[in-house]
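Please work through the exercises below with the sequence and the 3D structure open beside you. Each task is followed by a solution that goes step by step.

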Amino acid sequence: MHEMSIAMSIVEAVADRARQEGCARVTGIELVVGRLSGVVAESLRFCFDAASRSTPVEGAELSIEERDAAGSCEECGARFPVESYHASCPSCGRFRVRILSGEELAVKSITIE
Amino acid sequence: MCDTCGCSPEGGAVLRKPGAEGCHLHIGEEAGHHHHHAHDGHSHSHGHDHGHDHGHTHGQARKVEVEQEVLLKNNLLAERNRGWFEARKVLAVNFLSSPGSGKTTILEKTIPMLSGEWPVAVVEGDQQTTNDADRIHALGVPVIQVNTGTGCHLDAQMVQGAVRELELQERSLLCIENVGNLVCPAMFDLGEAARVVVISTTEGEDKPLKYPTMFHRADVCILNKTDLLPYVDFDAEKCREYAMQVNHHVEWIEVSAKTGEGMDRWKAWLTSRLERL
Ligand SMILES: Nc1nc2c(ncn2[C@@H]2O[C@H](COP(=O)(O)OP(=O)(O)OP(=O)(O)O)[C@@H](O)[C@H]2O)c(=O)[nH]1
Ligand SMILES: [Mg+2]
Ligand SMILES: [Zn+2]
Ligand SMILES: [Zn+2]
Ligand SMILES: [Zn+2]
């Protein structure tokens, strides 16, 4: 399950940042998870508890903002929301969609003390 | 636990070299810090949890805007690998599929087709065993097995560690066979120049729709085991259509690694990329 390695990457990145800021504990993390990021928010939450155990991040509150995805049609130029990579253009029906957003997987902010 | 020396790399990957008994190398991927020490002729990288109190007086909580990609560390390492490959004119290709689609068999057929023209080296990723690396070793090309243990994908750090153990030649092909899995390996850039997804005729033709992330991020999709088409209910045209719907830039190549049918087209794709190095 890659959510475990993703959770470990979050813990590592966040703990490093807290150290740089001269803080020993992380009490909150805001994450941005795009619908096309390949990460399931619920699995990530589940893995986060295990990944953060005995680290400066243990017990931190994880808030996940899920972002919708958008694409544009390479044929007719229309822009529209997409649910997955299997997306067709609502104007011309073609499956030639360029993904514009929704692949993000980022730490937006941390709360430290 | 490491079965050679009894150490516990705690989820870290282990590299093994066929034909060099007892030679292995641990790659740490723990959240704690790493240190390296060598013993018994092989080196280790162990992570340690400190858990000691730094004795800070806990002041006020404050919020820090970070705006950082979660996989930044992997992505930076992957970019470093990519630069390293480009500088040495090595074409690195990441092979991905479900377990058993035929990645290793395709490599076993591809390597002799290129031999004499292009040097090849291989990194094999599997949770356990050196079976796949042994099959490649039998062809006489340099190969490193990465055993990921419980890990379900290769990452850029494992590839960096493996590549250090291979003496890659200039103007050569590096084949990286990922762990058989259509989900997790899609997330992890290794620094490859191209991604090749293999699907076989014994799977469902709707695989591209079920695993869109993997197919969306591929450069080539190989349909393997076409020799079985007369015996299975697999609609190759439908599968191609689904793959193109998820990724209209993907190169579609049908082969039978067993009979060699279609392998000339695959070789042509590879050599056209090699000639551009
Ligand atoms: N009929 C037929 N069988 C094939 C073909 N290619 C591979 N196989 C068989 O499929 C099985 C799995 O092949 P492998 O090459 O080990 O598959 P893999 O993708 O490397 O498997 P993992 O590394 O375990 O994920 C073996 O029994 C192969 O002999 C083919 O073109 N036709
Ligand atoms: Mg294999
Ligand atoms: Zn996984
Ligand atoms: Zn359109
Ligand atoms: Zn060991």
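Residues are numbered from 1 along each chain as its sequence is written, and chains are lettered from A and ligands numbered from 1 in the order in which they are written.

**Exercise 1. Find the stretches of chain B where pLDDT is below 50 or under 50.**

Next come the exceptions: the value is below 50 over residues 6-10 of chain B, a stretch with 12 contacts beyond near neighbours in sequence, and it stays under 50 over residues 29-56 of chain B, which have 45 contacts beyond four places in sequence. A contact here means that the C-beta atoms of two residues, placed from the backbone, lie within 7 Å. Where pLDDT is low, the predicted coordinates should not be read in detail.

**Exercise 2. Describe the side of chain A that touches chain B, and say which element gives the most to it.**

First, the count: 33 residues of chain A are in contact with 36 residues of chain B. Second, the elements (helices are DSSP runs of H or I with at least four residues, strands are runs of E with at least two, and both are numbered from the N terminus): helix H1 (2-20) and strand E6 (105-112) of chain A each supply at least two residues, and H1(A) gives the most, with 11 residues. Third, the composition is 15 nonpolar, 11 polar and 7 charged residues, where Ala, Val, Leu, Ile, Met, Phe, Trp, Tyr, Cys and Pro count as nonpolar, Asp, Glu, Lys and Arg as charged, and the others, Gly among them, as polar.

Finally, E6(A) is joined by 6 bridges to strand E5 (residues 62-69) of chain B, the two running antiparallel, and Thr111(A) stands opposite Lys63(B). Two strands count as paired if DSSP finds at least two bridges between them.

**Exercise 3. Is Ile10(A) buried or exposed, and which residues does it contact?**

Ile10(A) is found in helix H1 of chain A. Because Ile10(A) has 28 C-beta neighbours inside 10 Å, it counts as buried; the cut-offs are 20 or more other C-beta atoms within 10 Å for buried, 12 or fewer for exposed, and partly exposed in between, with C-beta atoms placed from the backbone. Leaving aside neighbours within four places in sequence, Ile10(A) is in contact with Ile29(A), Phe48(A), Val107(A) and, from the other chain, Val70(B).

**Exercise 4. Locate the largest nonpolar core and the residues with the most contacts inside it.**

A nonpolar core is a set of buried Ala, Val, Leu, Ile, Met, Phe, Trp, Tyr and Cys residues joined through C-beta atoms within 7 Å. The largest has 72 residues, and those with the most contacts inside it are Val122(B), Val159(B), Cys175(B), Ile176(B), Val197(B) and Cys221(B). Its largest share, 6 residues, comes from strand E6 (residues 90-97) of chain B. Apart from this core lies another, of 29 residues, including Ala7(A) and Val39(A).

**Exercise 5. Explain why helix H4 (residues 156-165) of chain B is largely enclosed.**

Since 7 of its 10 residues are buried, H4(B) is largely enclosed by the rest of the structure. Among the buried residues are Met158(B), Val159(B) and Val163(B). The cover over them includes strands E1 (13-16) and E2 (24-27) and helix H1 (72-87) of chain B. E1(B) and E2(B) themselves pair in the antiparallel sense over 4 bridges, with Leu15(B) opposite Leu25(B).

**Exercise 6. Which residues are closest to ligand 1?**

Of the 17 residues that surround ligand 1, the closest are Gly102(B), Thr104(B), Thr105(B), Gly180(B) and Lys258(B); a residue is near a molecule if its C-beta atom, placed from the backbone, lies within 6 Å of it. The shell divides into 3 nonpolar, 9 polar and 5 charged residues.

**Exercise 7. Where is Glu67(B), and where is Thr129(B)?**

Glu67(B), with phi near 50°, is found in strand E5 of chain B. Thr129(B), with phi near 70°, lies in the loop between strand E7 (120-126) and helix H3 (131-137) of chain B.

Note on methods: Predicted model: local features only at pLDDT ≥ 70, side-chain atom pairs only at ≥ 80, totals over all residues. pLDDT = per-residue confidence, 0-100.
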